[in-house]
Amino acid sequence: MRIIKMENLIAKIGIDKFAHLGVGGLLCAMVTFVVLLQEMGNLTPAMILATPIIGTVVVMFLEFVKELFTDDEFSWKDVLATFIGCVLVFLAVGVGVFLNVLSV
């Protein structure tokens, strides 16, 4: 099995896409945390699993605004990288809910 070096992966994909993934995931996580903490105690596990939807909507709106008004040309690859960052938040929340359900 061939191990890919991080430098090669970044060179292949591009630092811009990693930035979109990281910043998109961070912003999505921040909005998701705010929603989770605001509604703490009132949410069922299914509702908790859905909270990243709010973060994703906010982040994707900001991403589209950024692509339309600040970049020279619209990039669907940037949008996809940002969305993948949000998917990672869904994954983290899902693991957290799973572990919580196991601990009950």
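**Buried cysteines and the nonpolar core**

C86 is buried, with a relative accessible area of 0%; buried denotes under 20% relative accessible area, exposed over 50% and partly exposed the range between, for a 1.4 Å probe and protein chains only. The model is predicted, so local features require pLDDT of at least 70 and side-chain atom pairs pLDDT 80 or more, whereas totals for chains, interfaces and linings use all residues. Residues are numbered from 1 along each chain as its sequence is written, and side-chain values use heavy atoms, without hydrogens or water.

C28 is likewise buried, at 0% relative accessible area. Across the whole structure, 0 disulfides (cysteine sulfur pairs within 2.5 Å) are found. For C28, which is in no disulfide, the nearest cysteine sulfur is that of C86, 3.7 Å away.

Both cysteines belong to the largest nonpolar core, whose 7 residues are C28, A29, V59, C86, V89, V93 and V97. Such a core is a set of buried Ala, Val, Leu, Ile, Met, Phe, Trp, Tyr and Cys residues joined through side-chain atoms within 4.5 Å. Helix 2 and helix 5 (76-103) are the elements contributing two or more residues, and helix 5 supplies the largest share, 4 residues.

Helix 2 (residues 15-38) also holds H20; helices are DSSP runs of H or I, at least four residues, numbered from the N terminus. H20 is buried as well, at 7% relative accessibility. Its side chain makes a polar contact (a donor and acceptor pair of N or O atoms within 3.5 Å; sequence-adjacent residues count only through side-chain atoms) with the side chain of E63, at 3.4 Å. Beyond neighbours within four places in sequence, the contacts of H20 (heavy atoms within 4.5 Å) include K66, D78 and T82.
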